[in-house]
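Have a look at it first, then read on.

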Amino acid sequence: MKYRLLDLLACPIDKDFPLKLIVFQEEERSIEFKHGSVICELYCGLKAAYVKDSSLSAEECNKCMKREILNGILICSKCNRWYPIVDEIPQLLPDELRESNEDLSFLRKYAEKIPKNVLEEGKPFNLVATGER
Amino acid sequence: MTSDYRGEVRRLYDTISEEFDKTRVRPDLFLEKLVDRGFLREAGLILDNGCGNCRNLKALRGRTMVAGDFSRNMLKQCVKNASGREVHYVQYELTHLPFRNRVFDSIICISAIHHLRENDAEKALREMRRVLSDRGWMLASSWSIKTTRDRKFLRRARRISGNYFMVNWGPHRRFYFLIDGKTFSKMCNKAGFRDAITLEYGMNNYSLVDRRTREAGARGEASTDKNNR
């Protein structure tokens, strides 16, 4: 997943925008982008700021597009739902289509990098509900 | 494990993703025709909604794309097929689109909605309406009930009730909601695409919305749906 997506993504449940991103692992790709102007319309995921409040250049945007987020987490600050990014792909499924075993393993694996309020009160799964906290 | 019927369809696609990718290579014929006639020249930011193995991306060269599907294994096929173009992959489900309002200039949703029950199919269309820009275009398709007139098809399908069918894929079965063009048109209208033009082509229903030349303020008000005339 590229930071670019943060300009488009919203919480699938309450449509809150923008989502908060925490990156666990990323890498730089060799592919070159040649956009002539700032790419994102409203929100810059890299700077976690609205485009209108940031001084961005096309050059910065093209550089940003080379960065691939391998693993991370997206958080909705309105409903406190969290969504995993695994192997480059963000997973934004509704609660009833998520697999609790997989999602809880994800929380445990990256517990040190995930905010406390998500680990303990995050929806739809958290480590308090399982008795681990 | 999820017990929702959509979870079952997703597991099926996770299971058959490699075989699907080998056998479903060409883009949708109707979409190809539209592209050939220059319909998609100014496509801007496109969403391929229910992208499967992204075969329809081949028809839409050189444009910024977001491709989404609920099957992770299908998305893995997309990543494998990607050829250095700017495509962003997201795992999500059609009735809960994870995008902000009116963000896409163009949306295609080819042969995906028919895997949803009627109320969910309507919900999926409402979501597409929400994320489509006021000056955008949208093409949605679904298998037609006409398919059931084909004996070959009937050998691998079983009606559950009404318009709901289970269709075999080898030893696996897929859920289908099969309807005629008129019903598809009504569904699009009900979901807020009052300006949709719906037609039957081959064994599919297609609904097309084109707001690129519409004047501000006229969106969705004047019905051009030929099935309603």
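## The largest pocket

The largest pocket has a volume of about 900 Å³. A pocket here is an open set of points on a 1 Å grid over the protein atoms alone, with protein on both sides within 12 Å along at least five of seven lines. Points are joined across faces, edges and corners, and the volume is the space filled by probe spheres set on them.

This is a predicted model: local features need pLDDT of at least 70 and side-chain atom pairs count only at pLDDT 80 or more, while totals for chains, interfaces and linings use all residues. Residues are numbered from 1 along each chain as its sequence is written, chains are lettered from A and ligands numbered from 1 in the order written, and side-chain values use heavy atoms, without hydrogens and water.

Who lines this pocket? There are 40 lining residues (those with an atom within 4 Å of a point), and Arg55(B), Ser111(B), His114(B), Trp143(B) and Tyr176(B) sit nearest the centre. By class, the lining has 19 nonpolar, eleven polar and ten charged residues, with Ala, Val, Leu, Ile, Met, Phe, Trp, Tyr, Cys and Pro counted as nonpolar, Asp, Glu, Lys and Arg as charged, and the others, Gly among them, as polar.

## A helix pair in chain B

Helix 1 (residues 5-23) of chain B also packs against helix 3 (residues 72-81) of chain B, at about 30° and with axes 7 Å apart. The axes are lines fitted to C-alpha atoms over the stretch in contact, and angles run from 0 to 180 degrees between N-to-C directions. The two helices are therefore roughly parallel, a label for angles under 35 degrees.

## Where the chains meet

Across the interface, 28 residues of chain A touch 29 of chain B, contact meaning heavy atoms within 4.5 Å. Together the chains bury about 2500 Å², 61% of it on carbon and sulfur atoms; that is the accessible area (1.4 Å probe) lost on being put together, summed over both.

The largest has about 140 Å³ of space, and Cys40(A), Cys44(A), Leu46(A), Cys61(A) and Cys64(A) lie nearest its centre.

Conventions. 1 Å grid on protein atoms, 1.4 Å probe; cavity = no way out; pocket = protein on both sides within 12 Å on 5 of 7 lines; lining within 4 Å. Helix = DSSP H or I, 4+ residues; strand = E, 2+ residues; numbered from the N terminus. Parallel < 35°, antiparallel > 145°, perpendicular 65-115°, else oblique. Buried area = accessible area lost by both parts, 1.4 Å probe.
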